Amino acid sequence: MTSLDKEVLNYDILKINLNTKYIGRTVFSFNELDSTNTYAKSIASNLDGEGQVIITEKQLNGRGRLGRQWQSQNNKGIWMSIILKPTISIADVSKITQVTAAAIYLGLLSQGVKAEIKWPNDIIINNKKICGILVEMNSEKIINSGAGDSKINYLIVGIGLNVNNEIDDFPEELRDIASSLKIETNKEFKRSVILAEILNNFEKLYMDLNNNDFSKALDTCRNNSYVIGKEINLIKNQELIEAKAIDISNDGELIVMYKNGKLDNIISGEVSVRISKINQ
Ligand code: BTN
């Protein structure tokens with residue numbers, strides 16, 4: 001065990017590097033939870049305001065996108081959720097994933113780590129995934145809205161970032177595709193500093209989005225994209241479609257070109273993006 005393994009994440013240690021107004025100003029910290037996203041959902045409706053952070057040293061049932069599991073049974077990563085009550089429309093919710101990815105990218109860069117963003121929700125270093133984002137929404141139909149409009153009750157932004165994990169901490173079948181900051185940089189990191197830097201960047205980009213300005217998050221995702229220009233496989237309902245990633249649209253969708261030359265805009269929802277072997 002190293003000295004950094006003993007650092008426990010809570011508000012007292014986080015606030016040293018936090019310069020936000022409201023994101024992360026209330027922190028619920030745990031030694032063990034099933035899943036920070038699940039816990040966040042259970043309290044979100046009863047909380048006033050937004051920006052509360054749930055953080056745990058270990059998750060017993062960490063959840064990933066598309067019903068996958070997320071390995072988080074140790075205290076070497078950052079396993080956290082942010083509760084949001086944004087003023088954006090439901091059509092813009094997928095932009096929150098891009099805002100989060102950009103905030104993680106910028107937070108890591110502030111610590112000298114250059115990562116790449118794999119649209120829509122992965123952070124990559126040296127072709128390996130070190131971080132995933134899981135955004136979950138609770139919404140309801142607005143009664144008497146002729147247009148059938150819905151309003152967002154809350155969003156939960158879950159972030160799983162492998163920080164000081166060793167190679168042995170990953171199951172063998174994940175070792176080719178998953179990694180940690182420590183494995184990729186040969187350095188240990190203070191999780192509290194990285195967490196604070198992510199939240200500092202998140203608040204700025206999130207406030208911009210609420211003011212209809214998605215430009216900085218979008219530029220960050222475009223300029224540091226792991227997928228743009230690459231041959232990819234889109235997997236939807238177990239069907240594999242070959243395409244080339246061309247760009248990210250102004251609304252945060254992935255613009256792809258199919259083999260027949262047709263262009264399409266992909267919304268993150270249920271699609272899994274794999275980089276074709278040709279590129280590797
Ligand atoms: C993915 O890449 O599939 C998303 C992974 C998200 C994992 C984080 S860890 C904290 C939060 N709580 C969860 O159960 N999942 C997210």
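Before you start: residues are numbered from 1 along each chain as its sequence is written. Because this is a predicted model, local features need pLDDT of at least 70 and side-chain atom pairs count only at pLDDT 80 or more, while totals for chains, interfaces and linings use all residues; side-chain values use heavy atoms, with hydrogens and water left out.

**Exercise 1. Work out how helices α3 and α6 are arranged, and which residues make their contact.**

Step 1: Find the two helices, which are residues 94-109 for α3 and 215-223 for α6. Helices here are DSSP runs (H or I, at least four residues) and strands are too (E, at least two), numbered from the N terminus.

Step 2: Look at the geometry. The two pack at about 65°, and their axes are 9 Å apart. An axis is a line fitted to C-alpha atoms, for helices over the stretch in contact, and angles run from 0 to 180 degrees between N-to-C directions.

Step 3: Name the arrangement. α3 and α6 are roughly perpendicular (65 to 115 degrees; under 35 is roughly parallel, over 145 roughly antiparallel, the rest oblique).

Step 4: List the contact residues (contact means heavy atoms within 4.5 Å). From α3 come Q98, V99, A101, A102, Y105 and L106, and from α6 come K216, A217, T220 and C221.

**Exercise 2. Decide whether I96 is buried or exposed, then find what it touches.**

Step 1: Check its accessibility. With a relative accessible area of 0%, I96 is buried (under 20%; exposed is over 50%, partly exposed in between, using a 1.4 Å probe and protein chains only).

Step 2: Skip its neighbours within four places in sequence, and I96 is in contact with L84, I88, V135, L155, V157, Y206 and L209.

Step 3: I96 and A217 are 121 residues apart along the chain, yet their C-alpha atoms are separated by 9.4 Å.
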